Amino acid sequence: MLELSGIESGYGETQVLHGLSLEAQQGRVLAILGRNGAGKSTTLKTIMGLLPLKSGKIVFEGKPIARQPYDVAKSGIAYVPETRDIFPSLTVRENLEIAAKRFGGAAPEWTMERVLDLFPRLGERMDNGGTQLSGGEQQMLAIARGLLMNPRLLILDEPTEGLAPIIVKLIHDKLQDLKAAGLPMIIVEQNFGFATSLADDVVVVGKGQAVWTGSAEEIRADEAAQHTWLGV
Amino acid sequence: MFRHNALRCTVLLLLAAAALFQALTAGYFGLEILTEILILAILVLALDIAAGFGGMVSLCHGALMGVGAYAYAILSAKAGLSPPVAMAAALALTGGCAWVIGAICARSHGIYFIMATLAFGQMAYSYVFEAPVFGGDDGLGGIARLDLSLIGVDLNDSRSFALFCLAVLGAVYGASVLILRSGLGRSLAGVMHNEQRMRALGLTVWRVKADVFGLSGMIAGLAGVLAAQHVMYISPGLLSWTVSGEALVVVILGGLGTLVGPLVGAAAFVLLKHELSALTPHWHLVVGVILIAVVMSRANGIFGWIEACWGGRAERRAAKAVRKQKTKEVLSDA
């Protein structure tokens, strides 16, 4: 579904990715794991066109991916960033409507009602401002906003960052529901247990390259790889 | 995003009541000052939409006002179009020019955006100043006001014209609120907070900026049309960058990104100008000192300061109520 071949990217003159290759498959969840600074978030930002692709190829559904973020979004990829980026001066409803009105179409798979069924907490906070939400509610809103883009691939960067364990479990359950509904996802995550219990496939990134590729069961069983590449 | 609250509604009502009272009771000189305030208020509302809500600090809004004024003057006085048609055409032209400027400048930010808009403004100024069709330095005269005799209103009367400008300002304020609350306004709020995020949400950021700048320019053009009708004469000075600079001073003085603040700023600025210029020819110095004081106070202009005081009072009241409640609970437990 999404294939990265030998991509090189980074911030200005600082190169972070050195020929990274990976593949996300239709209907499956791919977790990208790795230590801090390995290049996980850089990979997602490069896919989304938020960082320039210096070399290599990114192919989405058989076609080279667009290089402008808005074209990538229009091609069917929704991105939920680590920082969540909730617009503080807009209410929950307005934050959702920004995505819903743009990607609603004639018969959208994800509607406001369906999103609120998935995250009932947001329904109770519709008229609250973005800054009045807890971290967990902000994460729910960020995921809900991504879903309203009716994506064919959902990309999440550190969805459990800074959240209480009970909220982490809630987010896990919701993402499990999305997986059961057949939505392909790529998740970048520091929480090994969270990522491997959700993912089908795992890619471990180290120093800007894919250093380990396999299934979630395999990485759970491979203690040497965990120790070498993840410090678990 | 723009929202009304009790304070904003109160200030708005007070301003409207004061303007209406002045329009109904003032003599000729008072009416002229009121009309000047109302036209400046329309211009600064336009600038506040672009700069306060979109982060597009423009130094060409004076020029856009001038384009509206000249377009109306040429089309009505020289091309012989009826004033309403000339007015509609002038607004469309100004909106179109502003959209193009917005589309070109949308990819730049901060100081570069300001400089790019300044360059467009100066280009317009130079062209109007040098082209014989615009009357050069002499300007153009003989500009007619709208004919509302069908509804029994004679706009050649100062009082009627002031009331007309007040009605137009009310309509512009309402339209500005609608724009800021629309999908376009929401997108603009998103762009203002995080352009990159909006791009990742599939938004064509330059288009949003151009659309908002176009609408803002159209409102500035409307201020120009009214200015031309008010004085019945226009000169290239209307397009000068100092007009844009003055409008920016008024917006900052009143309160950037509040819509109500610029209205307060327009009234304060024109009144200060007239009162101080009667005392000293160096009134700009005094206005400058006031502006520096406002900026250094870190409040968002006069209205921002009022809002901060109001907010602080409300917080103190809420804290007092909580303390009272807690004391009651402790006493009842005891």
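**A cluster of rings**

Modeller: Start in chain B, where ring pairs link Tyr70(B), Tyr127(B) and Phe134(B) into a cluster. For pairing, the rings of Phe, Tyr and Trp (its six-membered ring) need centres within 6.5 Å; planes under 30 degrees apart are called stacked, over 60 edge-to-face, and the rest tilted. Keep in mind that this is a predicted model, so local features need pLDDT of at least 70 and side-chain atom pairs count only at pLDDT 80 or more, while totals for chains, interfaces and linings use all residues. Residues are numbered from 1 along each chain as its sequence is written, chains are lettered from A and ligands numbered from 1 in the order in which they are written, and side-chain values use heavy atoms, with hydrogens and water left out.

By the ring rule, there are 8 aromatic pairs over all chains. Take Tyr70(B) and Phe134(B): their ring centres are 5.5 Å apart and their planes stand at 90 degrees, so this pair is edge-to-face. Tyr70(B) belongs to helix 3 (residues 61-78) of chain B, whereas Phe134(B) is in the loop between helix 5 (110-130) and strand 1 (140-141) of chain B, so the pair ties together parts 64 residues apart in sequence. (Helices, H or I with at least four residues, and strands, E with at least two, are DSSP runs numbered from the N terminus.) Both partners are tucked away: Tyr70(B) is buried, at 3% relative accessible area, and Phe134(B) counts as buried too, at 16%. Buried here means under 20% relative accessible area, exposed means over 50%, and partly exposed is in between, with a 1.4 Å probe and protein chains only.

Next come Trp99(B) and Trp206(B), another edge-to-face pair, with 5.9 Å from centre to centre and 70 degrees between the planes. Trp99(B) sits in helix 4 (residues 83-105) of chain B and Trp206(B) in helix 9 (residues 205-231) of chain B, so this pair ties together parts 107 residues apart in sequence. Trp99(B) is partly exposed, at 30%, and Trp206(B) is partly exposed as well, at 27%.

While we're in helix 9 of chain B, look for Gly221(B), which is found there. Gly221(B) is buried, with a relative accessible area of 0%. Leaving out residues up to four places away in sequence, Gly221(B) touches Leu64(B), Met65(B), Gly68(B), Leu91(B) and Thr94(B), where contact means heavy atoms within 4.5 Å.

In chain B, Arg145(B) lies over the face of Phe161(B), 4.1 Å from the ring centre. In chain A, the charged end of Arg114(A) sits over the ring of Trp110(A), at 3.7 Å from its centre. The rule asks for NZ of Lys or CZ of Arg within 6 Å of the ring centre and within 35 degrees of the ring normal.

That brings us to where the chains meet: 24 residues of chain A are in contact with 17 residues of chain B. The area buried between them is about 1,900 Å², with carbon and sulfur atoms giving 59%; buried area is the accessible area (1.4 Å probe) that two parts lose on being put together, summed over both. On the chain A side, Tyr70(A), Phe87(A) and Arg102(A) lose the most area to chain B, together 28% of what that side buries.

Chain A also has an open sheet of 6 strands, in the order 6-7-8-3-9-10, with mixed pairing. Strand 6 (77-80) and strand 10 stand at its edges with a single partner strand each, so one side of each has no neighbour in the sheet. Strands pair if DSSP finds at least two bridges between them. Strand 7 (residues 153-157) and strand 8 (residues 185-188) of chain A run parallel, joined by 4 bridges, and Leu156(A) stands opposite Ile187(A) in strand 8. Helix 7 (residues 165-180) of chain A packs on this sheet, touching strand 3 (29-33), strand 7 and strand 8. At the other end, strand 9 (residues 201-206) and strand 10 (residues 209-215) of chain A run antiparallel over 6 bridges, with Gly206(A) opposite Gln209(A). Their hairpin has 2 residues between the strands, and Lys207(A) takes a positive phi near 50 degrees there.

Methods. Axes are lines fitted to C-alpha atoms, for helices over the stretch in contact, and angles run from 0 to 180 degrees between N-to-C directions.
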